[in-house]
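Welcome to a short tour of one protein model. Have a look at the chain and its fold before reading on.

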Amino acid sequence: MLDLKGYEWSLVEGAWITLQVALLSLVLAMILGMLGALAKLSPYRWARAVATLYTTVIRGIPDLVLMMLIFFGGQMLLNDSLYSVNEWLNNYFSSSDPNHEWTEYLPDYVEISPFVAGILTIGFIFGAYMAETFRGAILSVDKGELEAGKAYGMSGFLSFRRILLPQMIRHALPGFGNNWLVLLKTTALVSIIGLDDMVRKGALAAGTTQMPFTFYMTVAVIFLIFTSFSTTALKWVERKFSIHAR
């Protein structure tokens, strides 16, 4: 079982790609999550409606379906839109110049790489979950402290940076950690769209050597190492941010 037939470095390369997808997706998810949380708590009805629609739709559609939809459907929609814009521009200039020839003002075809599609999809999906996590954390902060900051003349951004953000982190960490662990395991889906991540590398090696148990078990162990390290790090961070609350 320990003999990987020379595919060790292939799995290491796949694991590195998996980590890149996970970390970059996390950054995108945090940005979308914070924007979604602030929009849900916004006094503007349209902002709350957009954020609610976003979280409702994303949480109601399976991750695999969204992955396929964005990678295949999104790419087709983008290229159709580019062609339509080029066609409109050519018709516009042809109306004033009869000798005008067809020109590609925008790229006629754009191919979205599986790496970018995976990051965008996973980040977009978990942005919805992060939005709910951050919204709950923001609501856990005493409003009186924000009002005190306003009374001291703090701007909205300064109150957010000095009062709201440091306190909401402690409340958000448990949900954030759970979302991160699920996100890390969800990266396995990018193998479906052709990205040479750890799962795809393991599948190719298993197919070549006819040793599926060995390679899939190795992939499972590597994921377990990632999640175990993440759990330990998250517990340390939670203790760090909870010192003043004990």
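Which residues in H2 and H4 meet? Tyr54, Thr55, Ile58 and Arg59 are the ones in H2, and they meet Phe124, Ile125, Gly127, Ala128, Tyr129, Ala131 and Glu132 in H4. To meet here is to be in contact, with heavy atoms within 4.5 Å.

## Before we go on

This is a predicted model, in which local features need pLDDT of at least 70 and side-chain atom pairs count only at pLDDT 80 or more, while totals for chains, interfaces and linings use all residues. Residues are numbered from 1 along each chain as its sequence is written, and side-chain values use heavy atoms, leaving out hydrogens and water.

Helices (H or I, at least four residues) and strands (E, at least two) are DSSP runs, numbered from the N terminus.

## How H2 crosses H4

Two packed helices are described by the angle between their axes and the distance between the axes. An axis is a line fitted to C-alpha atoms, for helices over the stretch in contact, and angles run from 0 to 180 degrees between N-to-C directions. For H2 and H4, the axes come within 9 Å and cross at roughly 120°. That makes H2 oblique to H4; angles under 35 degrees count as roughly parallel, over 145 as roughly antiparallel, 65 to 115 as roughly perpendicular and the rest as oblique.

The crossing of H2 with H4 is left-handed. A crossing has that name if the near helix is turned anticlockwise from the far one by less than a right angle, and is right-handed if clockwise. Sorted by class, the contact of H2 with H4 has seven nonpolar, two polar and two charged residues. In this sorting, Ala, Val, Leu, Ile, Met, Phe, Trp, Tyr, Cys and Pro count as nonpolar, Asp, Glu, Lys and Arg as charged, and the others, Gly among them, as polar.

## Two residues of H2

Is Ala47 buried or exposed? Ala47, which lies in helix H2, is buried, with a relative accessible area of 7%. Buried means under 20% relative accessible area, exposed over 50%, and partly exposed in between (1.4 Å probe, protein chains only). Not counting residues up to four places away in sequence, Ala47 touches Ala39 and Ser42.

Leu53 also lies in helix H2 (residues 45-60). Leu53 is exposed, at a relative accessible area of 56%. From C-alpha to C-alpha, Leu53 and Ala128 are 9.9 Å apart in space, and they are 75 residues apart in sequence.

## Two partners of H6

Helix H1 (residues 8-40) and helix H6 (residues 156-186) have axes that come within 12 Å and cross at roughly 135°. That makes H1 oblique to H6, and their crossing is right-handed. In H1, Ala22, Leu23, Ser25, Leu26, Met30 and Met34 meet Phe160, Met168, Phe176, Trp180, Leu183 and Leu184 in H6. The residues of this contact divide into 11 nonpolar, one polar and no charged.

Helix H5 (residues 143-151) and H6 have axes that come within 10 Å and cross at roughly 165°. H5 and H6 are therefore roughly antiparallel to each other, and H5 passes H6 in a right-handed crossing. Here Glu145, Leu146, Gly149 and Lys150 in H5 meet Ser159, Ile163, Leu164 and Gln167 in H6. The classes in the contact of H5 with H6 are three nonpolar, three polar and two charged residues.

## Aromatic pairs

How many aromatic pairs does a search of the whole structure find? The search finds five. Rings of Phe, Tyr and Trp (its six-membered ring) pair if their centres lie within 6.5 Å; planes under 30 degrees apart count as stacked, over 60 as edge-to-face and the rest as tilted. The rings of Tyr7 and Phe215 have centres 5.7 Å apart and planes at 90°, so this pair is edge-to-face. Tyr7 lies in the segment before H1 and Phe215 in helix H8 (residues 212-241), so the pair ties together parts that are 208 residues apart in sequence. Tyr7 is partly exposed at 23% relative accessibility, whereas Phe215 is buried at 0%.

Tyr44 and Trp46 form a tilted pair, 6.5 Å centre to centre with 35° between the planes. Both Tyr44 and Trp46 are exposed.
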